[in-house]
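Reader: Before the features are discussed, may the sequence and the model be shown?

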Amino acid sequence: MITDFVLDDRPRVATLCNVTIIKKGDIFTPRIKLWKKDKRKAGEVSATHTVPDTGTTRAVKALVDAGDVHENFWKVINFLQGCAGLSTPGDSLQLVARDESQLTQLLAGQDRTMVLSAVRTAIGGGLTEEDIRLISNRREQLQRFERLLTDPDYFQQEESLATTHGAEAVWQAFFEANQWIFGYGLNLIACESIDDGKLERITTGANIFGGAGKRIDAIMRSKGLISSMLFCEIKTHDTELLARTPYRPGVYQASKELGGGVAQVQKTASKAQQLISREFLTRIYEDDGTPTGVEMSTTRPRQVVVIGSLREFTHNGAVNPEKINSFELYRTSIQDVEIITFDELYQRACFIVEDR
């Protein structure tokens, strides 16, 4: 607790202000003492003042204790600050915590409105409680994303709790609840669900284009004056990216799951285009045939496969150059399909939330 403030410090006399915090009921009120500190050489006689509760003494030249009249003292201060046309010093004194834990202690138990006002004042702008909830929730979901990637026991627990069984269902549910990860992460173009609905949709048979058939894990549209379609297949973070044994020395081919995921999203996009016919812009419909008011460009829809992890190419902290080279050559050669690993998607989500 900071209790003493130096108002002026001269060679012989210092002017100081002492603040004592007194608890009355559930509130705290400040008591003020203004005093002159005598800085004369040792040996010269000076008046002393005994500090309450400590037994120490201070050499004083003058002392004004406003403790007994503190209410009227603050009335005078408030009156002067409220006078129109009267200029009072505007610079404020701020207490800055040394670290996050101290700041947390300072804010703990404080009124939410007061804390929000203080944060808004500190950073500027129109920060709202909804903004804070959004940031806080995304940080929590980012931590959950990391645990799903790195903690097998936690992932197995989530899998056992999922309404639909299977590892892919865990990721499907996670991304459905956190569409913002896709919204800013794919090709760095902002994307969103088609009509504020689910990512997973039916695209062939009775579908969103004609108003039940083949499902795609995620169908989205880019955000812009004119939207374009994006199809996404979601596998799991443990899905192998390359075959376990090399095809030739130093040459690794894509795994069956990776090749199948690419073929799957390509086929889905192709069939969807055939359903849409030759129109360059198409309308989106509800399952019962109700128009949603959404129109999208259907020219060569973008396609994404989220699969595996780059950790597959590391051993004891070292990267296998032949494997990573084979993988990069494969994914850069696939036309119209972007292959993103789960750890890469996680790092993009970190960039959104943490700006790192």
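Predicted model: local features only at pLDDT ≥ 70, side-chain atom pairs only at ≥ 80, totals over all residues.

Reader: Where does Thr239 lie, and does Thr239 count as buried or exposed?

Author: Thr239 belongs to the loop between strand 10 and helix 8. Buried means under 20% relative accessible area; Thr239 has 12% relative accessibility and therefore counts as buried. The side chain of Thr239 also makes a polar contact with the side chain of Thr236, at 2.9 Å.

Reader: Where is the place of Pro246, and which residues does Pro246 touch?

Author: Pro246 is placed in the loop between strand 10 (227-234) and helix 8 (256-276). Not counting residues up to four places away in sequence, Pro246 touches Val251 and Tyr252. Because its relative accessibility is 39%, Pro246 counts as partly exposed.

Reader: Which residue forms a salt bridge with Arg147?

Author: The partner of Arg147 is Asp151, and the closest N and O atoms are 3.5 Å apart. Arg147 counts as partly exposed at 41% relative accessibility. Asp151 is also partly exposed, with a relative accessible area of 24%.

Reader: What is the distance between the closest N and O atoms in the salt bridge of Glu344 with Arg331?

Author: In that pair the closest N and O atoms are 2.8 Å apart. The pair links distant parts of the chain, with Glu344 in helix 10 (residues 342-354) and Arg331 in helix 9 (residues 321-333), 13 residues apart. Both Glu344 and Arg331 are buried. A salt bridge may also be read as part of a network: Glu328, Arg331 and Glu344 are linked in one.

Reader: How may the length of helix 4 be checked, and what span should its 22 residues have?

Author: The check compares an expected span with the distance between the end C-alpha atoms. Helix 4 (residues 129-150) has 22 residues, so at 1.5 Å a residue the helix should span 32 Å; its end C-alpha atoms are 32 Å apart, which agrees.

Reader: Which residues of helix 4 are buried?

Author: The buried residues of helix 4 are Arg138, Gln141, Leu142, Phe145, Leu148 and Leu149. Viewed down the axis of helix 4, these buried residues fall within an arc of 125°, so they line one face of the helix.

Reader: How many helices and strands does the protein chain have, and what percentage of its residues count as buried?

Author: The protein chain has 10 helices and 15 strands. Of its 356 residues, 34% count as buried. Its accessible surface comes to about 22,600 Å², and 52% of that surface belongs to carbon and sulfur atoms.

Note on methods. Residues numbered from 1 in each chain as written. Heavy atoms only, no water. Helix = DSSP H or I, 4+ residues; strand = E, 2+ residues; numbered from the N terminus. Buried < 20%, exposed > 50% of the residue type's maximum accessible area, 1.4 Å probe, protein only. Contact = heavy atoms within 4.5 Å. Areas by Shrake-Rupley, 256 points an atom, 1.4 Å probe, with all protein chains shown as cover. Polar contact = N/O pair within 3.5 Å; in protein donor to acceptor, adjacent residues only side chain to side chain. Salt bridge = Lys/Arg side-chain N within 4 Å of Asp/Glu carboxyl O. Expected span 1.5 Å × (residues − 1). Arc of directions from axis to C-beta.
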